[in-house]
Amino acid sequence: MTKGFPEGFLWGASTSAFQVEGAWDEDGKGMSVADYNSFKRSDRQADTKTASDFYHHWKEDIDLMAELGLQLYRFSFSWARIIPDGDGEINPAGLAFYHDVVDYLTEKGIRPFVTLYHFDLPYALAEKYNGWEDRRCVDAFERYARICFEEFGSQVKYWQVINEQNLMIRVDERMNINIEDNHEADRVRAQMDYHMFLAHALAVKACHEIVKDGKIGPAVSSTCTYPLTNKPEDVWAARMNDYMKTVYCLDMHYYGEYSGIYMRYLKERDIVPKMEEGDREILKYGRPDYIAFNYYRTLCASYLPADEEHPVGMRVYRGNEVDFDQYGYCRDEKNENLKASEYGAQIDPNGLRIVLNDYYARYHLPMIITENGLGTADVLTEDGKVHDDYRIDYLREHVRACQLAIEDGVEMIGYSPWSFEDLLSSHQGFRKRYGFVYINREDMDEKDLRRIPKDSFYWYQNVIRTNGKEL
Ligand code: BG6
């Protein structure tokens, strides 16, 4: 038995549109960048065409959410389902689908917590404008956000603007960046990032104007980086890894301007984005009502000196991996003190306590975890069950870390792990599963898509029932 959690603490679970919905072109939906990228791998793993088929199973899935006892469901709207080409006609069937989902969640007493954009830019915008590089994408997003707030604002009070802007920007495929030249790629990336900051701020403003009692904020991919040694330059490198990957983003949301250290990087690298008059005022609107973040693992860094061939600020991206080394700042290292998941994520519940305390001390905003979980190759055993005790262990330790952080004085609104059900992982299809509910399909065989609650489902049900007293 533990002391439990504060009254009103929200227990949730999360998913995103392209990872669960399927029906990628049904009822008028347009293609997204996430669809496009998944189709490149269709010959060897599941793509977005069916995914978990939530589009055809939403009612059954929400019934399972109710059985689990969820108080909050964090999911995303697909921009291309609502506006197929991103900035043109509205698709009434897209709105109707999300109305059905939101109505039924409300009927079941589950709070809808909607992300507007989770890695799935309408592909038409990538074709027309090269996506976020062009400022017209900002206008398109603001319009889309306003449409959603007008349409759903009476029922949806919790909103998230962009999922993991700070991570997405590091993955070329997600941004549709295909540029060989390292410097030019970084220039485009910085411009795209800046435009997303504007879009974020405009959406925050629109939400506050339109949604009565609405709360809105970002969902960043958190980082907690340890120095490889106690050499002062490694300690600085660890700090810089966090600054370059996460803190710069939260600072921009909160203060409406780049931190000194980040501006120094943009200047050193000669990639300061183009800004217009009036942007400063727009960015000041962006202050969120809460900070949501996703947490899976911790990182480790050593100092990486710059040299003639590798100027200060130059980053090295490795394909679709999310971490980079940066000359003059930091090198990504393995932490030998931590166990890693079978996919290399260094598991560290204590890091979650550190991040909660750090962000709270810096911004003093309420915190909510919008993703946390263990991706593994689960097995459906002969008894028709999934015995995922390893996931229960992982989640239990992370829930304990939240409890400790609350005792440390951090104000937490809730915990919404990844994921409610198995879904298309960003790069490992259905081989890597995170869900409380098993979806009976394999990468290349859709089987019957049956929903099977795993052992972790029943464990979490009891956690919710006892408000965290029994873990
Ligand atoms: C987060 C994303 O970065 O991590 C999710 O918001 C993603 O969309 C999750 O699925 C887990 O990552 P992966 O690569 O294991 O699917």
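Where is Asn467 found? In this predicted model, Asn467 is found in the segment after α16 (455-465), and its phi is near 50°, a positive value in a residue other than glycine. Most residues other than glycine have a negative phi, and most peptide bonds are trans. Asn130 likewise has a positive phi, of about 50°, although it is not a glycine; Asn130 lies in the loop between α6 (123-129) and α7 (136-152). With a relative accessible area of 27%, Asn130 is partly exposed. The peptide bond from Trp418 to Ser419 is cis, its omega being near 10°, and Ser419 has its place in the loop between β13 (412-415) and β14 (437-439).

The report now turns to the pockets.

| Pocket | Volume | Lining residues nearest the centre |
|---|---|---|
| Largest pocket | About 1100 Å³ | Arg297, Val322, Ala345, Lys432 and Tyr434 |
| Second largest pocket | About 330 Å³ | Thr225, Arg239, Asp242, Val247 and Asp358 |

The largest pocket is lined by 47 residues, which divide into 17 nonpolar, 18 polar and 12 charged; α1 (17-20) and β11 (331-333) each supply at least two residues of this lining. The second largest pocket is lined by 16 residues, and these divide into 10 nonpolar, 2 polar and 4 charged. To the lining of the second largest pocket, β6 (225-227), α11 (232-255) and α14 (349-363) each supply at least two residues, and α11 gives the most, with 6 residues.

Terms used:
Residues numbered from 1 in each chain as written. Predicted model: local features only at pLDDT ≥ 70, side-chain atom pairs only at ≥ 80, totals over all residues. Heavy atoms only, no water. 1 Å grid on protein atoms, 1.4 Å probe; cavity = no way out; pocket = protein on both sides within 12 Å on 5 of 7 lines; lining within 4 Å. Points joined across faces, edges and corners; volume = space filled by probe spheres on them. Helix = DSSP H or I, 4+ residues; strand = E, 2+ residues; numbered from the N terminus. Nonpolar A, V, L, I, M, F, W, Y, C, P; charged D, E, K, R; others polar. Buried < 20%, exposed > 50% of the residue type's maximum accessible area, 1.4 Å probe, protein only.
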